[in-house]
There are 2 protein chains.
Amino acid sequence: MKSQLTIFNTFSRQKEVFEPLNPPFVGMYVCGPTVYSDVHLGNCRTFITFDLVYRYLLHLGYRVRYVRNITDVGHLESDADEGEDKIGKKARLEQVEPMEIVQRYTNGFRQVMQQFNVLPPSIEPTATGHLMEQIEMVQKILDNGLAYEKNGSVYFDVAKFVQQYPHYGKLSGKVVDDLLQETRDLKRQDEKNNPADFAIWMKASPEHLMRWKSPWSVGFPGWHLECSAMSTKYLGEQFDLHGGGMDLQFPHHENEIAQNVGCCGVAPVRYWMHGNMLTITGQKMSKSLGNSILPHELFSGENKFMSQPYSPMTVRFFMLQTHYRSTLDFSDAALLAAEKGYKRLMNALQLLPELQHPGNTPPQMPDEDAAVQAACNALYDHMSDDFNTAMVLADLFELSGKINALYNKQLPPDALGLETFNRLQSVFPAFVQDVLGLADDTAAANNQLSDGLMSLILDIRAEARAKKDWPTSDLIRNRLNSLHVVVKDGKDGTTWTVE
Amino acid sequence: MKSQLTIFNTFSRQKEVFEPLNPPFVGMYVCGPTVYSDVHLGNCRTFITFDLVYRYLLHLGYRVRYVRNITDVGHLESDADEGEDKIGKKARLEQVEPMEIVQRYTNGFRQVMQQFNVLPPSIEPTATGHLMEQIEMVQKILDNGLAYEKNGSVYFDVAKFVQQYPHYGKLSGKVVDDLLQETRDLKRQDEKNNPADFAIWMKASPEHLMRWKSPWSVGFPGWHLECSAMSTKYLGEQFDLHGGGMDLQFPHHENEIAQNVGCCGVAPVRYWMHGNMLTITGQKMSKSLGNSILPHELFSGENKFMSQPYSPMTVRFFMLQTHYRSTLDFSDAALLAAEKGYKRLMNALQLLPELQHPGNTPPQMPDEDAAVQAACNALYDHMSDDFNTAMVLADLFELSGKINALYNKQLPPDALGLETFNRLQSVFPAFVQDVLGLADDTAAANNQLSDGLMSLILDIRAEARAKKDWPTSDLIRNRLNSLHVVVKDGKDGTTWTVE
């Protein structure tokens, strides 16, 4: 019996039983990256979190349509509809076409996701790929009387909206009256009826590079709009799950709800999920504090905070040790410990297929059998408890201990009953690989290993020759031959190649 | 002195000196895949060909904006504007959203390109991402009187167009009068004034899944239109290079020219390049003949035509052996030979940094020195001669011979002058890796190698123990320790892990 999946819903601030609208189908939307710079570790954590959600839903047998967008236009430097487009600015500084910036950082993002073994989403739509859908949505919101046009830009009328939808602000815990009475002294604000209003279409200034025709002006969509338009197109007006980083609750997600309600008359999302932030040795990670590390700097070891490189799988394991709703603190000591833990898990994974069971059904050690069954159940209980990966890892370590004990004969081969043995054989790798997405990256280490092993073999060979131990010397020659290893003795020493 | 780059221009049917419009900038467009199924080897050949063009232009110092599109809508089953949308059909059969089909095969395509070490283009735009641009282009062609609307679809008026542009048909070698007089008996044809006309906007039938609003109907763009719209947007109305497979000359590229001239009044492309097709053991490769192999089947060895798996780099090397304008024939014997050639090249690449030069400038063997200089020059001459990669490989093998001779001391270390030695050190890897894009994939083979080497070491260890040869046994233990290799002796034999 698998336990019921419960999810902490940011909207209600409580854990709720997950009941999809149209089982076995699940619609899931996650706000993807704005592709104007290298993806940072905080973003990676968010995407790994929702990769776990996606993987677990798939494991439970749901048919998930997972949409994670690419923001390639409309994300301005300031949340108050001010400043330059982040991508346009980068393109201007580098004197290239904005879409070249988009392509470069989209490629980089995909590469990092692949390194972290994050599954690609079912659909990865782009904001620029959905201009028509966004323009249509603006028109509908205007038609519904919840937006107004000024000087070619269109603003969402928050004051009017809250009269018909009382929940504006609930998701992010904002008090609407405070929002409406806030005063801001920024350029674009004088076009707004109220500072709480936000742009859904913006007229492009002459120097703005990315621009499209619309009924109101040659311009570009507001940042929040794309997610409303794309989730509606691919998942419908109402869908099951929406995720993102905690920093997106306001204004992004709050305004997404407003746009959807304003356009289609219905709140779009059943379960809102938000991942927490990163710190490094206790401090917020940020470029301005000079303590931010990029993924590739962590993998290569080229950073000033860590004593050694950490593989993508070690970092993924490390992230799983903390629940997604808690702050995660990066430190060398914690990553070192994670590396050990990850290797222990991989070792158990490698030993598991080597175990043999004699085939007799009743367990010889009923306590051990019960313990393995309990740990297998606990995997589901913990993962179903709002994706408690920290506890899932603890369960997996308990099972690793049993695997090691069986392998080392500390437990007899028939300690477990056949049924339990078979369950262990299927559930353990399923959770490690399919659900947690921990792949075995030790293959990469094998190149260095070959070098080390060959150096040892060549030393043994030299020693054997010196001792005139011809059988050993012949054994080495023949076996290296069969491995296509060619050894060359030169004036400056011995070298080898594979031919 | 580097030789002048010449390119065979399909439009003029002759080799022409390459003179970009705005040096050092080069604009280059290649028709990418229609993402409704796994990319086939013929497509891969095309993309590898233009990867070589892109890489060589970069190597020559050009700043290249390389646009390669993804066709995700509008490509119908028949070239005569008939049949279902290829992606829509697949989506209907699998009961998923068309964009899920697009995402799946786009991911697969990118993965195969990565395996073949094909550089990502500067911009990878999608047809669905440029609906507005396509609709604008249709409007302009209508405004220019070169298209007409019927029942919500818009057709390009070829008969009228050829009166003002006499070159329609020239690229593909078609006689316009034949095209205009051809009669076809197909459904959509009765809307056309002339069977040679082609759709630039199509009204969607009720069951058509992918559809957008336009001034003429809710519908979708004609397949040829996207390339005109995207090349104009990202490269301008006129740009340097346009590539694609030979099968795209008609109708796709012919109509692309017509649309651009019809919209902007100017022929878009300076140099048209087309890659030739594939055969397998002398026959056309096709699904219906049952002799088609997918890239992953070639890499895994799971196919009925080849005696063994071939790595992506072996296949890439194999393709380079034939000039891009010749037919390429896949056969086991040819691939086996390519594998040997590829390994020889990789071996020379590995040996090169180990060579040392004593530093005296005048060469001790002037003939050898001259031969190396000549081969280095030939690399540029041959690559600049319409990308003659077959000859470039021959030059590289000549240089490999010199590298081996220097390494094996068949040539003295100062056979070459220092200048020539340094040129060899820079030009050889630049051509192998940067220009030809041949990466060293022998790392993947290293895992198997480690297994083989450890098995040998464990046998030596067993033998040493049996002989009470404690020094050897201790040496092995200590060195394996330092490599973090843990050996476990069990009842059923000895195993090892890296911890």
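Two residues are taken to be in contact if their C-beta atoms, placed from the backbone, lie within 7 Å. The model is predicted, and local features need pLDDT of at least 70, side-chain atom pairs count only at pLDDT 80 or more, and totals for chains, interfaces and linings use all residues. Residues are numbered from 1 along each chain as its sequence is written, and chains are lettered from A and ligands numbered from 1 in the order in which they are written.

**Stop 1: the interface**

Display both chains and select the residues in contact: 43 residues come from chain A and 43 residues from chain B. On the side of chain A that touches chain B, the elements giving two or more residues include α3 (98-115), α4 (131-143) and α15 (446-466) of chain A; helices (H or I, at least four residues) and strands (E, at least two) are DSSP runs, numbered from the N terminus.

**Stop 2: the axis**

**Stop 3: helix α4 of chain B**

Select residues 131-143 of chain B. The end C-alpha atoms of helix α4(B) are 18 Å apart, which agrees with the 18 Å that its 13 residues should span at 1.5 Å a residue; the expected span is 1.5 Å times one less than the number of residues. After α4(B) comes Gly145(B), with a positive phi near 75 degrees.

**Stop 4**

Show the four strands of the open sheet, in the order β7-β8-β9-β10 (chain B), with antiparallel pairing; two strands pair if DSSP finds at least two bridges between them. At the edges are β7 (147-150) and β10 (219-221) of chain B, each pairing on one side only. Zoom in on β9 (residues 198-203) of chain B, which three bridges join to the antiparallel β10(B). Lys203(B) stands opposite Gly219(B) in β10(B).

Finally, select helix α8 (residues 249-264) of chain B, which lies across β8 (153-156) and β9 of chain B and runs at about 95 degrees to β8(B). Axes here are lines fitted to C-alpha atoms, for helices over the stretch in contact, and angles run from 0 to 180 degrees between N-to-C directions.
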